[in-house]
Amino acid sequence: MSRDFYKSSILPYAGIIIKICRAYTDTEEDFEDYYQEVCLQIWKSKDRFQDQSEWSTWVYRLTLNVCLTLMRKSKKQKKYESNELSPGDQKEENAPSISDESLNQLYAAIRELSEIDRAVILLYLEEKSYQEIAQIMGTNPNNIGVRIKRIKERLKKKLDGKVN
């Protein structure tokens, strides 16, 4: 991957890529793997970008798709591994180290959401408009508005009492 491409086409969107990858991973190692895979897929598929949307929209959608694909593969792998190991052989994995405990709790609550709700709330937290989120998710802005309201209510219930 050329350094110029990374600086111009990936680095400006690193914030949302990081947020999405973090929301779909439980460990720092997985996070790094997801981030690297997203960057690789952006590089590999850049020639297929057809200017039908903004580059940022395409990057968000590609990031979500890569994370969802990796997460599904990981779930299958964990299911396979759990059948092979006895309970005493399984190791506890460490959560990624983020200095702010409230942020850790928020990401933990977001990870409990469905795949689609996770994607929607991450885009909302990135301050995307309902129109932009709808375009990325392939739906309409009204649907996004209702979904965000419901997600916020669920997150509030999960976080009540956990955050000071």
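The following exercises, with worked solutions, concern a predicted model.

Residues are numbered from 1 along each chain as its sequence is written. Because the model is predicted, local features need pLDDT of at least 70 and side-chain atom pairs count only at pLDDT 80 or more, while totals for chains, interfaces and linings use all residues; side-chain values use heavy atoms, without hydrogens and water.

**Exercise 1. State the secondary structure content and the burial of the protein chain.**

Step 1. Helices (H or I, at least four residues) and strands (E, at least two) are DSSP runs, numbered from the N terminus.
Step 2. The protein chain has eight helices and zero strands, in the order α-α-α-α-α-α-α-α.
Step 3. Buried means under 20% relative accessible area, exposed over 50%, and partly exposed in between (1.4 Å probe, protein chains only). Of the 164 residues, 38% are buried.
Step 4. Contact means heavy atoms within 4.5 Å. Among contacts with a separation of 6 or more, 67% join residues 24 or more positions apart.

**Exercise 2. Classify the packing of α2 and α3 by angle, and list the contact residues.**

Step 1. Axes are lines fitted to C-alpha atoms, for helices over the stretch in contact, and angles run from 0 to 180 degrees between N-to-C directions.
Step 2. Helix α2 (residues 14–23) and helix α3 (residues 28–45) meet at an angle of about 130°, and their axes are 9 Å apart.
Step 3. Therefore α2 is oblique to α3. The classes are roughly parallel under 35 degrees, roughly antiparallel over 145, roughly perpendicular from 65 to 115, and oblique for the rest.
Step 4. On the α2 side the contact is made by Ala14, Ile17, Ile18, Cys21 and Arg22, and on the α3 side by Glu28, Phe31, Tyr34, Tyr35, Val38 and Ile42.
Step 5. These residues divide into nine nonpolar, no polar and two charged. Ala, Val, Leu, Ile, Met, Phe, Trp, Tyr, Cys and Pro count as nonpolar, Asp, Glu, Lys and Arg as charged, and the others, Gly among them, as polar.

**Exercise 3. Describe the surroundings of Glu126.**

Step 1. Glu126 lies in the loop between α6 (115–125) and α7 (130–137).
Step 2. Its relative accessible area is 23%, so Glu126 is partly exposed.
Step 3. Leaving out residues up to four places away in sequence, Glu126 touches Ile16, Lys19 and Tyr60.
Step 4. Glu126 and Lys19 are 107 residues apart in sequence, with a C-alpha to C-alpha distance of 8.7 Å.

**Exercise 4. Identify the buried residues of α5 and the helices they pack against.**

Step 1. In α5 (residues 101–111), the buried residues are Asn104, Gln105, Tyr107, Ala109, Ile110 and Arg111.
Step 2. The buried residues of α5 pack against α2, α6 and α8 (141–159).
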